[in-house]
Amino acid sequence: MQNKKRLILHYYKVNLGIALGAIITIHSYKGGTGKTCVAISLAEMLAMKGKRVCLVDLDFHAPNIGFAFDIEKADLSINDYLNVGCEVNDILFDLTDRYGYDGRLLIAPADPSIEAIRDMSAKDRKWYMRALGRLLALRNSLLEEQGLDYLIFDASSGIGYSSINAVVTADIELLVNNMDTVQIEGAKRMIEELYDLFEKKIGLLLNKVPIKGRSLTEVEAQVTVECESLYNLPVLGVIPYFYEILETGVSSSFLKENPTHLFTKILEEIAVRVDSFSFGSLVVRKDSELMKIYKEQFIKKVTGVRM
Ligand SMILES: Nc1ncnc2c1ncn2[C@@H]1O[C@H](COP(=O)(O)OP(=O)(O)OP(=O)(O)O)[C@@H](O)[C@H]1O
Ligand SMILES: [Mg+2]
């Protein structure tokens, strides 16, 4: 019944020209900000909430997605798809039944072998131009034909060809930032010189945010106000630094095994915001009293004007 309804909806969307799904690229200026961690958790959370999602590993220098989901080395990978060595259906793993998601979760791992990493490092601009065509074709094959709601790209950091391809293909860029100043400057430049050039919809996710004995609400209000005015972009989520995540890393079982963990709760809120950000305007956040106080303090600090 559920599938029948979905098919009817899909048919009407196609015929009315309504957006069929969205491509989200998880990106950052610097490495190690938590992109893969966020990509895995967001893909899983959306699948747990009934969405149909495909998570694609586009970090060819340090592929991680296959490991995170305990996938044995596959014969074919996204590398082969981009090399025009196979079709996309040949590289997908459907994990829906294994993990019992309400929606659907497919993953497209990259090849983690040393030879493959070396091979991808040696690719030139011409190869990446062709690969861009293959990535763009995923919209048609996965979002339109298979009716998926989301393609999530786990990109590599910086502005190499591979990252640019992921940024260009996406409808939405989720920029995962930590709070250090070197990164803030780099990320600002990347937004101005890359994202704005392609007129992308961008949201910020602040990760590994130090709480230092304060309440999460207080820290969230403060960093949200600061980052929204610094980048002039909406903050879709603030994730604290969790020692247990550093210790174990986020793998496929984390959210399901830790349903009451603060990380899981925060991811749940982020998934809702990302969903409304992708298919409409961001749900207007009602500022808390604390947020209002921080906004006033911030404006006073920057302009000297008391509101
Ligand atoms: N909120 C968090 N709290 C503590 N540790 C975190 C958090 N998020 C991610 N980490 C840890 O930080 C490290 C880097 O995370 P991750 O691999 O997701 O980053 P990345 O941006 O994908 O890195 P790369 O640029 O190398 O691809 C991992 O050890 C991960 O477990
Ligand atoms: Mg990564």
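β1 covers residues 22–27. The strand is mostly covered, with six of its six residues buried. Strands are DSSP runs of E, at least two residues long, and helices are runs of H or I, at least four residues long; both are numbered from the N terminus.

## Partners of β1

Which strands does β1 join? One is β5 (residues 150–155), parallel to β1 and joined to it by five bridges. Here threonine 25 stands opposite phenylalanine 153.

Another is β6 (residues 172–177), also parallel, with four bridges to β1. Isoleucine 26 stands opposite leucine 174 there. Two strands pair if DSSP finds at least two bridges between them.

## Around ligand 1

The shell around ligand 1 has 19 residues, each with its C-beta atom, placed from the backbone, within 6 Å of the ligand. Gly31, Gly34, Lys35, Thr36 and Cys37 come nearest. The elements giving two or more residues are α2 (35–48), β7 (201–209) and α11 (243–248). α2 gives the most, with three residues.

By class, the shell holds seven nonpolar, nine polar and three charged residues. Ala, Val, Leu, Ile, Met, Phe, Trp, Tyr, Cys and Pro count as nonpolar, Asp, Glu, Lys and Arg as charged, and the others, Gly among them, as polar.

## Basis

Residues are numbered from 1 along each chain as its sequence is written, while chains are lettered from A and ligands numbered from 1 in the order in which they are written. In this predicted model, local features need pLDDT of at least 70 and side-chain atom pairs count only at pLDDT 80 or more, whereas totals for chains, interfaces and linings use all residues.

Technical notes
Buried ≥ 20, exposed ≤ 12 C-beta atoms within 10 Å, placed from the backbone.
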